Amino acid sequence: MEKKTLNKVLIIVVIVLMLGVILSLSSINSIVVEIKPEIKSNDSGNSNTSVMNSTQNTTKNTNNMISIPLEKPPFIKD
Amino acid sequence: MKTKIFVALITLVCAVIFLTGNASAAFATSEAGISAYVNVGTSINLDQAASVYKIIEDRTSTYIIGIVEVPNANDYEQPHVYTSSDGWVMAYYAKEQPRALIMPWGQFDTNNPDTSIMSNTRLEEALSGVSTVVGVAYSSIKPNTKYYDFQYPAANGLTLISESRPNNGVDSFRFRVPTEYVLYDASWEYYSYDGCDGVVGAGYCGPLRSNFQLDGNQLSGTDGVISHNSISDGGSLKDERYFGTISALTKDVLHKGDLVYNPISTDVGSSSIAIVLIYKQP
């Protein structure tokens with residue numbers, strides 16, 4: 001391969017790499033999802049019995065239960 | 001020749017940008033456990049942000065990592081905070097610490113606690129500290145706050161269960177984790193105020209009188225539970241807290257929690273428990 005051709009190929013590779021980096025950086029702040037933790041309370045003060053299914057957000061006579069979704073931060077890369 | 005040098009320099013710059021962008025991921029996946037994060041909506045002056053840190057553990061031109069104090073927490077309970085100049089703030093506990101440390105006991109009346117009025121977790125209290133010092137009211141960005149557990153990347157949910165008992169007696173509750181859920185982590189923090197008023201001596205107060213029992217086993221010192229330290233108020237142990245992880249929590253079984261408050265003399269103070277579950281919901 002000629003020297004000039006090799007240089008042209010290298011320049012194209014670098015430009016592609018730079019575009020990848022720019023696109024990657026620009027996507028960091030693009031994901032914003034609002035989270036409003038669900039809070040349910042049926043505080044009976046001095047309850048003796050309660051039933052809570054941690055998966056269905058159903059509570060009886062507990063002071064508090066909050067379920068919050070977990071989501072990977074957009075600024076953390078793999 | 002000149003072209004080759006140019007190409008090499010450009011490649012080097014690209015590599016530096018790429019590696020710098022991933023620096024935050026390295027610390028988070030190797031050090032962090034439960035985390036809360038938010039973008040304050042503007043770039044952050046790190047000199048300004050640094051003023052709210054009690055301890056700065058690492059600082060570069062683009063971020064700070066350190067300890068930001070939250071109310072009514074001992075040294076073990078103080079969260080770490082990552083603040084980036086691009087506006088992101090993340091509060092987290094180390095991966096080995098119980099997730100239940102997020103419970104903010106300082107927000108409640110110690111003689112008549114109502115945990116349903118909880119406004120922010122301890123992690124959010126730390127986020128609030130940073131956002132306030134950089135001029136952004138946390139209440140305006142709180143709805144954008146999200147959570148993540150770096151040790152359980154497949155987990156998609158966290159549930160915080162809390163109960164309190166303001167006077168002599170027992171409060172009980174039950175909870176169940178369905179079979180179809182993947183349970184990654186279960187942890188707890190027990191908090192008692194004035195649980196043994198008038199009595200001096202560790203080992204007699206708190207756990208032996210006021211305590212929390214899961215399925216009939218007192219959590220402090222129970223098999224499968226790792227307990228940590230407590231803090232005291234003078235010699236009377238007025239402010240006690242115990243925390244740890246539950247190594248095995250059988251699914252599809254109704255587990256019973258008994259919260260005991262048994263003050264020795266005057267019926268003031270309270271007994272409280274927080275349990276945090278990290279799981280994957282189908």
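This is a short tour of a predicted model, stop by stop.

**Stop 1: confidence**

Start with the whole model. Its scores are ipTM 0.82 and pTM 0.74. Now colour chain B by pLDDT. The mean for chain B is 82, and 77% of its residues reach 70 or more.

Select residues 13–23 of chain B. Here pLDDT stays under 50, and the model has eight contacts beyond four places in sequence for this stretch. Then select residues 197–204 of chain B. Their pLDDT is also below 50. This stretch has 15 contacts in the model beyond near neighbours in sequence.

**Stop 2: chain A**

Chain A has 78 residues, and 21% of them are buried. Its secondary structure is one helix and three strands. Trace chain A from the N terminus and the order is α-β-β-β. Of the contacts in chain A with a separation of 6 or more, 35% join residues 24 or more positions apart.

**Stop 3: a six-stranded sheet in chain B**

Bring chain B back and show it as a cartoon. Find the open sheet of six strands with antiparallel pairing. Step across it in the order β2-β3-β4-β5-β1-β6 (chain B).

Zoom in on strand β4 (residues 80–84) and strand β5 (residues 88–94) of chain B. They pair in the antiparallel sense over four bridges. Select B:Y82; its bridge partner in β5(B) is B:M90.

Helix α4 lies across β1 (32–39), β4 and β5 of chain B. It runs at about 145 degrees to β5(B).

**Stop 4: the core**

Show side chains for the largest nonpolar core, which has 72 residues. Which residues have the most contacts inside this core? Select B:V89, B:A100, B:L160, B:W188, B:I275 and B:V276. Strand β14 (residues 270–280) of chain B gives the most to this core, with seven residues.

Finish on B:V276. Leaving out residues up to four places away in sequence, B:V276 touches B:R99, B:A100, B:I102, B:L158, B:L160 and B:S187.

Key: Residues numbered from 1 in each chain as written. Chains lettered and ligands numbered in written order. Predicted model: local features only at pLDDT ≥ 70, side-chain atom pairs only at ≥ 80, totals over all residues. Core = buried A, V, L, I, M, F, W, Y, C linked by C-beta atoms within 7 Å. Buried ≥ 20, exposed ≤ 12 C-beta atoms within 10 Å, placed from the backbone. Helix = DSSP H or I, 4+ residues; strand = E, 2+ residues; numbered from the N terminus. Contact = placed C-beta atoms within 7 Å. Pairing = 2+ DSSP bridges. Axes fitted to C-alpha atoms, helices over the stretch in contact; angles between N-to-C directions. pLDDT = per-residue confidence, 0-100.
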